[in-house]
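Hi there,

Here is the structure I promised to pass on.

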Amino acid sequence: MEINCPNRYQITIRLNRPNPFFLRYLSSINLSILPKDVPFDEHQWIGTGPFRLKERSKKRIVLEAFDQYFLERPFLDRIEFWKIPMDTVKTVTYNISVDEAFEEGIQKKEVETGFRFLAFNFTKQTAVQNPHFRTALFHLLDPYKMHEDLGLEIPVEATSFFPWKSGQRSRDKEQVPGLLELSGYQGEPLQLYCLEFPKAKEEAAWFQRQASQHGIRLELNSFSFEDFYSFTFDDTADMVFMGEVSTSDYHLSFLGAFYNEVLLFRRFMTADQLAKIDNWLEAFKQSTTNQEREKIIDVMEDYLKDNHLILFQHHPVKNRIFHPMIQDIRFKSFGQVDFRKLWVK
C-alpha cells in the first residue's frame, strides 16, 4: 500500500489489490479523525464530532454542542450521562432538565443487534475439544428455561449474529447422559468465566447448576473488562460467557468480529478452525453484493452451530423511557441513540 499527501487537505491511497470494503474501513468508528500533534488521552477527547467533552468524573460525563462541527450543529446544547450501579438499573431513562418529574414517557423496546454466547477455549486440551461434550452443553444451555427460572422476560433466542436472521433450535436434555458417555468426560473440573456484572454472574450460576445435575463440574470465575483486554484468563478459562454488539454497518462488524485479535472468536480458535474462517472472510471481503456476503454469513454461522464452536444464547432487549418532549428518537451503532438528531419539543 502506498500513501501520499499532495496537500494539507488531500490524501491519496493506492492499494496493492482491490478491496471493496476499503471505503467502509475509512468511514468506520475505528478511524475517527484525531489531531496528529496531541497524544490521545481518554479523559480529554479531541476529535471532529458534533459534541465536545465538557466534563468527565466518576459520576458523570457532560457533552456540549461543538459549534465548529463540519455538518449541521446538533439541536441539543448539552447532554449529561450519569453513572448508576449496574445492579439497580433495568431501564435506561432519558430525561430533560425540568423541575417537574414526568409520569409517563415514551417507551422504546429494541432488540439489540448483538448476541450473548458461550465460547469454548480450543487452545487447551480439555473436555471442550470433544464435539459430544459441546453438544451436551448445547442441550443444557436453554435460554428459555434460564429466563423462566431466573424470573426474566421471555428471551429472543439467538441462532445468528443478527436478530432478523435468528430462529429457534430444539433442545433435549434427555440426550445429555448419552452424549457425556460418548465424550469420555470423567467429571474433571472445568473453569467457567463470566463478566463480573450481577446479571452475568446469575446466568453463569444457573448454567453451573444445570451442569452439576449431570455430573459436570464447572467452577465459576468472574472477570472485568480490564482483565478481558489484558488476556489474563486465556491460560485458565475453559468456557467464557460473553457478548458481541454490532455497529450500524453490520457486514463490517461481522468481518471485524472475526479479524479482531482481542475478541474470543479469534483468541480461542485453533489454527485449523481459523484457516477455514479466514478463507470465508477473504471471499466475504471480495464480494461486491450484499446477497453474496449474506450467503457467506450463513455458511460461517452454520459451521459454528453445526460444530458447536460457540453456543448462541439470546439477543439482549433494551428498554428505554424517553421524556415525552424528546423528539426524533433514532438508534445507531452499538444500540446508542443518535444524539445529533434529538430535539426537545
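Helices (H or I, at least four residues) and strands (E, at least two) are DSSP runs, numbered from the N terminus.

Please keep in mind that this is a predicted model, where local features need pLDDT of at least 70 and side-chain atom pairs count only at pLDDT 80 or more, while totals for chains, interfaces and linings use all residues. Residues are numbered from 1 along each chain as its sequence is written, and side-chain values use heavy atoms, with hydrogens and water left out.

Just after helix 10, H308 takes a positive phi of about 50 degrees.

**A histidine in helix 7**

H251 sits in helix 7 and counts as buried because its relative accessibility is 7%. Its side chain makes a polar contact (N or O atoms within 3.5 Å, one able to donate a hydrogen and the other to accept it; residues adjacent in sequence count only if both atoms are side-chain atoms) with the side chain of R293, at 3.0 Å. Beyond its neighbours within four places in sequence, H251 is in contact (heavy atoms within 4.5 Å) with residues including F21, R24, F284 and I297.

**Cavities**

There are four cavities of 30 Å³ or more. A cavity here is a set of points on a 1 Å grid over the protein atoms alone where a 1.4 Å probe fits but cannot get out, and lining residues have an atom within 4 Å of a point. A volume is the space filled by probe spheres set on the points.

The largest cavity has a volume of about 70 Å³. Helix 7 gives the most to its lining, with three residues, and strand 8 (114-120) and strand 12 (239-245) each supply at least two.

The second largest cavity holds about 50 Å³ of space. Strand 13 gives the most to this lining, with three residues, and K305 is one of the other lining residues.

Happy browsing!

Technical notes: 1 Å grid on protein atoms, 1.4 Å probe; cavity = no way out; pocket = protein on both sides within 12 Å on 5 of 7 lines; lining within 4 Å. Buried < 20%, exposed > 50% of the residue type's maximum accessible area, 1.4 Å probe, protein only.
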